[in-house]
Amino acid sequence: MTQHFIVIGNPIAHSKSPQIHQVFADQIGLDIRYQRQYCPNDAASFTAVVEAFFGGGGIGANVTVPFKQVAYDLCQERGALSEHASVAGAVNTLLVKDGVLYGDNTDGQGLVNHIVSLGWPLKNARVALIGAGGAARGVVLPLIQAGIGALTIANRTLSKADTLVAELSAASNEINQHSITTCATADLTGDFDLIINATSIGLTDATLPLADNLQAQHAYDMMYGRPLPFLQHFKERGAQASDGYGMLIGQAALSFKRWTGQAIDVTQATQALQQANLTTNK
Ligand code: ATR
């Protein structure tokens, strides 16, 4: 029997999730239908979409901009949340578990899994995370659980980085016990094993003010699909670099596993997607 999935967002036409999940389903021979679901930008509409979908027998929903916090609120009010969703304050994966709406967040673990698959060391790594918005919030606990060493969170607006650390520390003992420092992005200096751009600057033509004596072995930008000056900056200084396309596939694979119980070979799926895109773009 066909299993139904959706991704809810606004806008949603650009979403690559249907294609990604179809590749996953093909890999394990599962019959699925995964559709883009537009939703008006208000909480009542979001709730109505979620109720109609699961009421109609839907198996799983992804949640994207601008509904991740709305989905968190909904699960908090009348459902349940995973630890990662609870600490992130955001939900990207919905399912019904034991008759209850359950919200998870696979974004941060998707990032960690991609970094591991690149062969970049995380154990005791000195990590700099730039940004203090929703994207940064979602990756702190998974990074700490992956065994990183000291973490520095840098942001254009320093007070937002301080607020983020205070909130995350209150939400999680593991984060509270970890060594985290903050600074303004322009004041970020030193040598890091890994630097991660979790700001939305890649959507604009602006560039981050990076100090001359800021060094990193590995540079990761959570954006993808466009030239990323942040990665270029560190590549020119000898770093290995990656955009966030692998994180997109990684978070999707974890959602898929939540819904179906089936693990995906992400490397093989990525190759299949690249092949399909090459063919389509011809
Ligand atoms: P997201 O959910 O993608 O994290 P967000 O919550 O709006 O989006 O957060 C955007 C992040 O990008 C913030 O850290 C923001 O810095 P401020 O807190 O100082 O606003 C950062 N950001 C966006 N545009 C930026 C720019 N031009 N220069 C530096 N940082 C920028």
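In which sense, left-handed or right-handed, does helix 5 pass helix 6? In this predicted model, the crossing of helix 5 with helix 6 turns out right-handed. The two axes come within 7 Å and cross at roughly 50 degrees, which makes helix 5 oblique to helix 6; an angle has to lie under 35 degrees to count as roughly parallel, and from 65 to 115 to count as roughly perpendicular. On the helix 5 side the meeting residues are G108, Q109, L111 and V112, and on the helix 6 side they are G138, V139, P142 and L143.

Strand 8 deserves a look of its own. This strand, residues 151–155, pairs with strand 9 in the parallel sense over five bridges, and N155 has A184 in strand 9 as its bridge partner. Strand 7 is also paired with strand 8 in the parallel sense, this time over four bridges, with A128 standing opposite T152 of strand 8. As for burial, five of the five residues of strand 8 are buried. Both faces are covered, with L151, I153 and N155 on one side and T152 and A154 on the other.

Elsewhere, strand 1 (residues 3–9) is mostly covered too, with five of its seven residues buried. Strand 1 pairs with strand 2 (residues 32–38) in the parallel sense over seven bridges; within that pairing, the bridge partner of V7 is R36 in strand 2.

That leaves helix 10 (residues 245–260). At 1.5 Å a residue, its 16 residues should span 22 Å, and the end C-alpha atoms are 23 Å apart, which agrees. Twelve of those 16 residues are buried, so helix 10 is largely enclosed by the rest of the structure. The buried set runs from Y245, G246, M247, L248, I249 and G250 through Q251, A252 and A253 to S255, F256 and W259. Just after the helix, G261 takes a positive phi of about 75 degrees.

Helix 10 has a helical partner in helix 1 (residues 17–28): their axes come within 10 Å and cross at roughly 55 degrees. Helix 1 and helix 10 are therefore oblique to each other, and their crossing is right-handed. Helix 1 brings I20, H21, F24, A25 and I28 to the contact, while helix 10 supplies L248, I249, A252, A253, S255, F256 and W259.

Definitions and conventions
Residues are numbered from 1 along each chain as its sequence is written. This is a predicted model: local features need pLDDT of at least 70, side-chain atom pairs count only at pLDDT 80 or more; totals for chains, interfaces and linings use all residues. Side-chain values use heavy atoms; hydrogens and water are left out. Two strands pair if DSSP finds at least two bridges between them. Helices (H or I, at least four residues) and strands (E, at least two) are DSSP runs, numbered from the N terminus. The expected span of a helix is 1.5 Å times one less than its number of residues. Buried means under 20% relative accessible area, exposed over 50%, partly exposed in between (1.4 Å probe, protein chains only). Axes are lines fitted to C-alpha atoms, for helices over the stretch in contact, and angles run from 0 to 180 degrees between N-to-C directions. Angles under 35 degrees count as roughly parallel, over 145 as roughly antiparallel, 65 to 115 as roughly perpendicular and the rest as oblique. A crossing is left-handed if the near helix is turned anticlockwise from the far one by less than a right angle, and right-handed if clockwise. Contact means heavy atoms within 4.5 Å.
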